[in-house]
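Me: Could you pick one part of this model and take me through it closely? I'd also like to see the whole thing first, so that I know where I am.

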Amino acid sequence: MHYYIAFGLHIHSEISLPELAEGDAHSVAEIYIRKGEVRLPAMHPTRIFRRGIKAAFGEDESQALYLNWPNVASFKASGGNELVVSPVASDPDIISLFTVSEALGLILFQRGHFLLHASAVVVGEEAWCFMGMPGAGKSSTAAAFIKAGCRLLSDDLTAITFDEAGKPFILPAYPQLKIWERTVAGLQYDPSDLEPVSEGVNKYAYQPREQFTAQPVPLKKVFFLHKARNKPEFQNLGIAEIPGEMLRNFPLPASLIADKNLKRHFFQSLQCARSAEVLRRRRPEGFEKLEKWAEDSIREQLIAE
């Protein structure tokens, strides 16, 4: 048995998940991950790709949720506390990569967390979140802020919870940020501090295990990154725009966001907007300007505190 902590939850797993932070063997499992047979219900294609493989999604009458990547693995998420993995691929690193992605996200969704396809860091004592279309620079922006002294909270899959007053907090995911080779060079990361990842030959993993915290961090700013030169450098979003923008960055199958789940997503979007500044941000061109934005932001945040 392997013991981990991720997204603020104690995870007991029959399979190795080396991306996650080590947990407590004496803890009570809040999520149990086991190997077993997964009998798929009727499945439908999604827009989710991993290693160029398109996932299919299904749901059964007991509201269990399923993901299947052909020739890799099938997953069944039940009750917000159990994930069954049926591996096809023999490489344990591949199985781990797919398990800690959208498959684990299904469990977080069942637990009622607000999920975003985003990267997040700690600036001062508050969380900043970066979203955007593929290629907008989410991970590169997070990497620039980390190089400037910020701590990593999440990469790719970001989970937000709310306290009794409705204030949003980002749940730290796990200590790994995947960055492209050109970002490694552009931000002058030392390659000897990084690990190649199985997702692609041109990606590396930055793993700040010693600095990683499991404590939730209050959400302060949300940036929708883009590269459009004909749009303002910074632009505050109106309250009516925010739920739609958040919905476009939902990381799981779109068919999940219907009926009561759509209402929940809309309400949680507005809860975020009440506590956090939500902006469109044109990503600075070039790594030098990106680093300057990170350094200036940290300096301004320290002065404000």
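Reply: Let's begin with the whole chain. Among contacts in the protein between residues separated by 6 or more positions, 63% join residues 24 or more positions apart; a contact means heavy atoms within 4.5 Å. Keep in mind that this is a predicted model, where local features need pLDDT of at least 70 and side-chain atom pairs count only at pLDDT 80 or more, while totals for chains, interfaces and linings use all residues. Residues are numbered from 1 along each chain as its sequence is written, and side-chain values use heavy atoms, leaving out hydrogens and water.

The protein has six helices and 21 strands, which are DSSP runs numbered from the N terminus (helices are H or I with at least four residues, strands are E with at least two). Its radius of gyration is 19 Å, close to the 19 Å that the globule rule gives for 305 residues, so the protein is as compact as a globular protein of that length. That radius is taken over C-alpha atoms, and the rule is 2.2 Å times the number of residues to the power 0.38. Along the principal axes, the C-alpha atoms fill a box of roughly 55 × 45 × 40 Å. Of the 305 residues, 53% are buried; buried means under 20% relative accessible area, exposed over 50%, and partly exposed in between, with a 1.4 Å probe and protein chains only. The protein exposes about 14,500 Å², and carbon and sulfur atoms supply 49% of that area, worked out by the Shrake-Rupley method with a 1.4 Å probe.

Now for the close look. The part I'd pick is an open sheet of nine strands, in the order β3-β1-β2-β4-β9-β8-β7-β6-β5, with mixed pairing. At its edges are β3 (21-22) and β5 (44-50), and each of them pairs on one side only. Two strands count as paired if DSSP finds at least two bridges between them. In general, strands of a sheet pair through backbone hydrogen bonds, either parallel or antiparallel.

Let's zoom in on β2 (9-13). Four of the five residues of β2 are buried, so this strand is largely enclosed by the rest of the structure. For comparison, most residues other than glycine have a negative phi. β2 also runs parallel to β4, with three bridges joining the two strands. There you can find H12 standing opposite Y32 in β4.

Next, move along the sheet to β6 and β7. β6 (residues 53-59) pairs with β7 (residues 65-69) in the antiparallel sense, over four bridges. A56 has N68 of β7 as its bridge partner. Helix α1 (residues 92-110) packs on the sheet, touching β2, β4 (31-35), β5, β6, β7, β8 (73-78) and β9 (82-87), and its direction makes about 160 degrees with that of β7. Such angles run from 0 to 180 degrees between N-to-C directions, with axes fitted to C-alpha atoms, for helices over the stretch in contact.

Q63 has a phi near 70 degrees, a positive value in a residue other than glycine. Its relative accessible area is 52%, so Q63 counts as exposed.

β17 and β18 are joined by two bridges, and E195 stands opposite A205 in β18. Leaving aside residues up to four places away in sequence, T141 touches F130, L225, R283, L290 and W293.
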